[in-house]
Amino acid sequence: MKTAIVTDSNSGITQAQAGELGIYVLPMPFMIDGQDYYEDVNLTQREFYEKLREGSDISTSQPSPESVMQLWDEL
């Protein structure tokens, strides 16, 4: 029986680190000015803080149940 470690990007583990460690990291979703972004996938920390400084409309949530179930099914 194999075991997989799954977390989200709020853990502080980057996608690159996850690859090195064999950990699966679901990226946190952000909605910025009406567009979807995913932490460390198509949105860097630097870009996030730039958008925050610019006064962009930003909201976040947790990874969707669908994305969690999809990853679990793959594993």
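## Overall architecture

The secondary structure of the protein consists of 3 helices and 5 strands, where helices (H or I, at least four residues) and strands (E, at least two) are DSSP runs numbered from the N terminus. Their order from the N terminus is β-α-β-β-β-α-β-α. The model is predicted, with pLDDT of at least 70 needed for local features and pLDDT 80 or more for side-chain atom pairs, while totals for chains, interfaces and linings use all residues. Residues are numbered from 1 along each chain as its sequence is written, and side-chain values use heavy atoms, with hydrogens and water left out.

Taken along the principal axes, the box filled by the C-alpha atoms is roughly 50 × 25 × 15 Å. Among contacts (heavy atoms within 4.5 Å) between residues at least 6 apart in sequence, 45% join residues at least 24 apart.

## Surface and charge

The protein has 75 residues, of which 24% count as buried. Buried means under 20% relative accessible area, exposed means over 50%, and partly exposed lies in between, with a 1.4 Å probe and protein chains only. The accessible surface, from the Shrake-Rupley method with a 1.4 Å probe, comes to about 5700 Å². Carbon and sulfur atoms account for 50% of that surface.

The charged side chains comprise 4 positive and 13 negative ones; Lys and Arg count as positive and Asp and Glu as negative, with His and the chain ends not counted. The centres of the two sets lie 8 Å apart, each charge being placed at NZ of Lys, CZ of Arg, CG of Asp or CD of Glu.

## Helix 3 and Val 68

Helix 3 spans residues 65-74 and includes Val 68. Leaving aside neighbours within four places in sequence, Val 68 is in contact with Leu 26 and Pro 63. The C-alpha atoms of Val 68 and Val 6 are separated by 9.2 Å, although the two residues are 62 apart along the chain.

## The largest pocket

The largest pocket holds about 260 Å³ of space. Of its 15 lining residues, the closest to the centre are Ser 9, Glu 39, Asp 40, Thr 44 and Gln 45. Helix 2 (residues 45-53) gives the most to the lining, with 3 residues.

A pocket here is an open set of points on a 1 Å grid over the protein atoms alone, where a 1.4 Å probe fits, with protein on both sides within 12 Å along at least five of seven lines; lining residues have an atom within 4 Å of a point. Grid points are joined across faces, edges and corners, and the volume is the space filled by probe spheres set on the points.

## Loops and backbone angles

Asp 33 and Gly 34 both lie in the loop between strand 3 and strand 4, with strand 3 covering 29-32 and strand 4 covering 35-38. Phi of Asp 33 is near 50 degrees, a positive value in a residue other than glycine. Gly 34 counts as exposed, at 64% relative accessibility. Its C-alpha atom is separated by 21 Å from that of Pro 65, 31 residues away along the chain.

Asp 40 is placed in the loop between strand 4 and helix 2. This residue, other than glycine, also has a positive phi, near 65 degrees, and is partly exposed with a relative accessible area of 36%. Gly 55 belongs to the loop between helix 2 and strand 5 (58-60) and is exposed, with a relative accessible area of 58%. Between the C-alpha atoms of Gly 55 and Asn 42, 13 residues apart along the chain, the separation is 19 Å.
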